[in-house]
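Trainee: Can we go through this one together? I'd like to start with the ligand.
Mentor: Fine, have a look first.

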Amino acid sequence: MKINTAEFVISNSDVSKCPKDFLPEYAFIGRSNVGKSSLINMLTNRQKLAKTSGRPGKTQLINHFLINNNWFLVDLPGYGYAKVSKKTKSVFQQFITDYFEKRQQLACAFVLIDIRHEAQAIDIEFMSYMGESEIPFCIIFTKADKISKVKIDSHVAAYKKQMFANHWAEMPPYFVTSSTEGTGKEEVLNYIDEVNQE
Ligand code: GTP
Ligand code: MG
């Protein structure tokens with residue numbers, strides 16, 4: 001799929017203020033610093049569309065980007081970094097879970113995992129939440145340029161094993177990407193294209 005236009009539309013922390021259009025959207029979620037915003041820039045060929053940083057916690061709001069005047073990419077804040085609210089005891093910010101539970105336009109979420117690390121409890125917990133809430137998602141393993149091809153394969157295999165150990169009957173669709181090298185771009189965009197056609 002070719003991306004002709006990519007425009008920032010709105011940022012906010014209130015799902016009711018997200019765009020009212022009934023266009024399909026694809027949201028990027030995962031631990032802070034995993035590379036969500038960088039991946040949006042890589043997919044759209046735009047260096048500075050989404051703001052990135054070497055420091056975790058850069059993206060703080062729900063950000064909608066309109067693609068080809070036809071669908072949205074949504075950049076979200078990371079989890080696992082912001083201080084846990086003692087009141088709610090939730091590790092996931094309320095407006096993020098609100099987004100996933102209320103946003104009917106969400107066609108698919110991409111849960112990003114840093115390919116270098118073993119499965120972390122918080123990622124498994126987030127995927128269980130998505131599964132229980134029946135929200136369709138794929139996994140994207142990021143930063144593939146940081147390790148060898150052999151290690152990529154063994155890390156993906158270890159991840160699958162851990163998901164099965166956590167009662168997942170099957171692995172969701174998954175992709176391996178590098179935002180610095182453009183790895184996985186066609187695969188992710190083709191997947192979005194397929195879902196858009198459904
Ligand atoms: P938050 O908004 O804080 O949750 O982070 P994020 O998940 O949006 O991460 P972001 O895209 O800001 O990237 C974090 C850091 O990782 C930046 O220094 C990026 O340059 C770097 N990074 C992201 N993707 C890749 C990648 O594929 N390869 C390499 N080598 N670095 C990457
Ligand atoms: Mg970000």
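This is a predicted model: local features need pLDDT of at least 70, side-chain atom pairs count only at pLDDT 80 or more; totals for chains, interfaces and linings use all residues.
Trainee: OK. How do the residues of the shell around ligand 1 divide?
Mentor: Into 14 polar, five charged and two nonpolar residues.
Trainee: Which ones are closest?
Mentor: Of the 21 residues that surround ligand 1, the closest are Lys36, Ser38, Gly57, Thr59 and Ser179.
Trainee: And what about Ser38, how far is its side chain from an oxygen atom of ligand 1?
Mentor: An N or O atom in the side chain of Ser38 is 2.5 Å from a ligand oxygen. For Ser37, the distance from a side-chain N or O atom to an oxygen of ligand 1 is 2.9 Å. Asp145 has a polar side-chain atom 2.8 Å from a nitrogen of the ligand.
Trainee: How much of ligand 1 does the protein cover?
Mentor: 87% of the 650 Å² of accessible area that ligand 1 has on its own. The space the ligand takes is the largest pocket.
Trainee: New topic. How many salt bridges are there?
Mentor: The count is five. Among them, Arg103 and Glu25 meet through their side chains at 2.9 Å, N to O. Asp14 and Lys17 form another, with their closest N and O atoms 3.8 Å apart.
Trainee: Why does Lys17 count as exposed?
Mentor: Because its relative accessibility is 53%, and exposed means over 50%. Asp14 has 30%, so Asp14 counts as partly exposed.

Terms used. Residues are numbered from 1 along each chain as its sequence is written. Chains are lettered from A and ligands numbered from 1 in the order in which they are written. Side-chain values use heavy atoms; hydrogens and water are left out. A residue is near a molecule or strand if one of its heavy atoms lies within 4 Å of it. A polar contact is a pair of N or O atoms within 3.5 Å; within protein, one must be able to donate a hydrogen and the other to accept it, and residues adjacent in sequence count only if both atoms are side-chain atoms. Accessible areas come from the Shrake-Rupley method with a 1.4 Å probe; for residues, only the protein chains shown count as cover. On a 1 Å grid over the protein atoms alone, a cavity is a set of points where a 1.4 Å probe fits but cannot get out, and a pocket is an open set with protein on both sides within 12 Å along at least five of seven lines; lining residues have an atom within 4 Å of a point. A molecule sits in a cavity or pocket if more than half of its atoms lie within 2 Å of its grid points. Ala, Val, Leu, Ile, Met, Phe, Trp, Tyr, Cys and Pro count as nonpolar, Asp, Glu, Lys and Arg as charged, and the others, Gly among them, as polar. A salt bridge is a side-chain nitrogen of Lys or Arg within 4 Å of a carboxyl oxygen of Asp or Glu. Buried means under 20% relative accessible area, exposed over 50%, partly exposed in between (1.4 Å probe, protein chains only).
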